[in-house]
Amino acid sequence: MAMIDWSRVRQLRDEVGADEFNEVVEIFLDEVQQGLEHLQVDDDRSDFEQHLHSLKGSALSLGFRTLARLCQDGERHSAQGQAATVDIAEIVGTFRTSATEFQAGLNEL
């Protein structure tokens with residue numbers, strides 16, 4: 001299964017228009033990067049559920065399917081009091097891989 005839901009990406013581009021799409025992408029990537037940085041320094045993991053929920057929403061908006069699934073799993077674990085089991089390195093790595101795949105695929109849209 002592809003990491004990126006390209007039909008969602010096309011839908012978003014059509015919704016916001018080609019001119020605004022690049023700005024939306026830039027905002028998304030910045031927001032996710034900030035969210036991931038926060039997760040990496042949140043030692044007590046008290047806000048994990050909320051931050052993972054926000055990241056999941058951002059990821060779904062731009063078609064980052066695999067990242068959204070990992071965030072959803074982490075959100076669920078955090079809600080069950082198991083935030084310590086969330087693999088932040090996997091989430092960060094998935095974001096980086098997804099972003100690379102996304103940037104490469106944008107040229108083909």
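Predicted model: local features only at pLDDT ≥ 70, side-chain atom pairs only at ≥ 80, totals over all residues.
Residues are numbered from 1 along each chain as its sequence is written, and side-chain values use heavy atoms, with hydrogens and water left out.

Arg13 pairs with Asp14 in a salt bridge whose closest N and O atoms are 3.9 Å apart, the term requiring a side-chain nitrogen of Lys or Arg within 4 Å of a carboxyl oxygen of Asp or Glu. Asp14 is exposed at 57% relative accessibility. A salt bridge also joins the side chains of Arg8 and Glu15 (3.8 Å, N to O); Arg8 is buried at 19%, whereas Glu15 is exposed at 51%.

## A pair between two helices

Glu75 and Lys56 form a salt bridge with closest N and O atoms 3.0 Å apart. This pair links distant parts of the chain, with Glu75 in helix H4 (residues 65–79) and Lys56 in helix H3 (residues 48–61), 19 residues apart; helices are DSSP runs (H or I, at least four residues) numbered from the N terminus. Glu75 is buried at 13% relative accessible area, and Lys56 is buried at 16%.

## The wider set

The structure holds six salt bridges, and Arg69, Asp73 and Arg76 are linked in a network of such bridges.

Note on methods:
Buried < 20%, exposed > 50% of the residue type's maximum accessible area, 1.4 Å probe, protein only.
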